[in-house]
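Morning, everyone. Please put the structure up on the screen, and I will walk you through a few spots in it.

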Amino acid sequence: MHADLLIHAEWILTVDPEDCELIDHAVAIADGHIQAILPYDEARRTIAATEVIELPGHVLIPGLINAHTHAAMTLLRGLADDLPLMTWLHDHIWPTEQRWVDPTFVAAGTRLAILEMLRGGVTCYNDMYFYPEVAAQVSAEAGMRAVIGMIVVDFPTRYAAAADDYIAKGLALHDFYRDHPLIRLAWAPHAPYSVADDPLSQIARLAQDLKVPVHLHLHETQDEVQTALRERSERPFARIERLGLMGPQLTAVHMTQLEDFEIAHLAETGASVIHCPESNLKLASGFCPVAKLLEAGVNVALGTDGAASNNDLNLLGEMRTAALLGKGVAGSAAAVSAREVLRMATINGARALGLEREIGSLEVGKSADLVAVDLRDPHTQPVYHPLSQLIYAAGRHQVRQVWVRGRQLIRDGHPTSLHLAEILAEAQIWGRRIAAGGR
């Protein structure tokens, strides 16, 4: 058997239905897909590989999936910290965006985000931001897998004038990337409080027609729910269901304010929840009941949110926070286990985005989106259980190799498809412009 690449790692965590933990195995890759996973001794006898990579002391995992980002907001990192959500949005973020966000801003911010995510083991991200056509182009050029949100809000921005304009631009973008190997599209209405009933209903119909996900902030804060009850006499959850958005296509982000009957209904409808623990903590938005959701059978994935409210795109760190916070909220040390958290950051994210047949686990036939983490650092030694070390002790600086669709995008910790110095210089120029307030 011939392979383009054979990767031999000390441990492999497959995140397949059996959650295998393999020792001294190898992954064979051909034409961008996983051809075989087998013991290394057997691989040496049966596979003729063009390239062989030896990774002693490394754990090989599926590429991480950041299921909720606003990638270009890396350029607003640290701009307005220590503020509640609505003050942060209305008084700082939205005015800054209205002044500065244009295609060049989105290109620079997205490149910076992709570089940060790749170096942290993220091989796919689900984005919600203005000028999505720019984010899609930058991602494709970098070789990064992305689900790009067709953003919709009611208010005019430099990108679009009104909901109909946003939707028309989204449809054109979807048509352009219909058959792209790395870029998928999703509807991304910002939130129930920023999008009216008519466009939300239209998005529900279009999502069914196009068979794409709907990416939506929902029940992010107690204030959001109370305001909706006061103004509409209806919880946002109920409104989203009434408008036809509740179902397997929905990826509901944050969900810190949930009643038990809503959790049960999420499980019944097949909707996914995207948990953003560090952003929720930083904005004091509340606590997503992850253990209850998992116990009910809800698909829970993991996201970082944007770098303006996190302030990083570190999904390895997010996994540790999710596990620790989940245990504290549930009052059980057994809740939200390392195994569950790794699944949240891989196969659950793939399922939420409709990509579970392509990515999210290491299985024959799936795309070769892989990450190698070096556990030989002092703070991850000794290794009794590589999964536990990955979740509770490893840092993103230990991500050494990253492949997307068989193409190596991080080699020995360094990017191969992006220019580090240029991206950093570009980010610094934007930072000085925004800080100075001029053009």
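Two strands pair if DSSP finds at least two bridges between them. Keep that in mind for the first stop. One caution before we go: this is a predicted model.

Now find strand E2, residues 21–30, and strand E3, residues 33–39. They pair in the antiparallel sense, over six bridges. Look at the end of E2. Ala 30 stands opposite His 33 in E3. The hairpin of E2 and E3 has two residues between the strands. One of them needs a second look: Asp 31 takes a positive phi near 55°.

Next, the annotation. UniProt lists residues 59–408 as "domain: Amidohydrolase-related", and the entry is unreviewed. In the model, that span is 43% helix and 18% strand. Its end C-alpha atoms lie 17 Å apart.

On to the rings. How many aromatic pairs does the structure hold? Seven. I will show you two of them.

Start with Trp 94 and Phe 155. Their ring centres are 5.3 Å apart, and their planes sit at 55°. Edge-to-face needs over 60 degrees and stacked needs under 30, so a pair in between counts as tilted. That is why Trp 94 and Phe 155 make a tilted pair. Where do the two residues sit? Trp 94 is in helix H2, residues 85–100, while Phe 155 is in the loop between strand E7 and helix H5. The pair therefore ties together parts that are 61 residues apart in sequence. Buried or exposed? Trp 94 is buried, at 19% relative accessible area. Phe 155 is partly exposed, at 27%. The line for buried is under 20%, so Trp 94 falls inside it.

Trp 100 is buried, with a relative accessible area of 3%. Trp 430 is buried too, with 5%.

The charged end of Arg 433 sits over its ring, 4.3 Å from the centre. Now jump to Tyr 159. Over that ring sits the charged end of Lys 169, 4.7 Å from the centre.

That is the tour. Questions, please.

Notes:
Residues are numbered from 1 along each chain as its sequence is written. This is a predicted model: local features need pLDDT of at least 70, side-chain atom pairs count only at pLDDT 80 or more; totals for chains, interfaces and linings use all residues. Side-chain values use heavy atoms; hydrogens and water are left out. Rings of Phe, Tyr and Trp (its six-membered ring) pair if their centres lie within 6.5 Å; planes under 30 degrees apart count as stacked, over 60 as edge-to-face and the rest as tilted. Helices (H or I, at least four residues) and strands (E, at least two) are DSSP runs, numbered from the N terminus. Buried means under 20% relative accessible area, exposed over 50%, partly exposed in between (1.4 Å probe, protein chains only). A charge sits over a ring if NZ of Lys or CZ of Arg is within 6 Å of the ring centre and within 35 degrees of the ring normal. UniProt positions are given in the numbering used here, feature names are shortened, and annotations may be inferred rather than shown by experiment.
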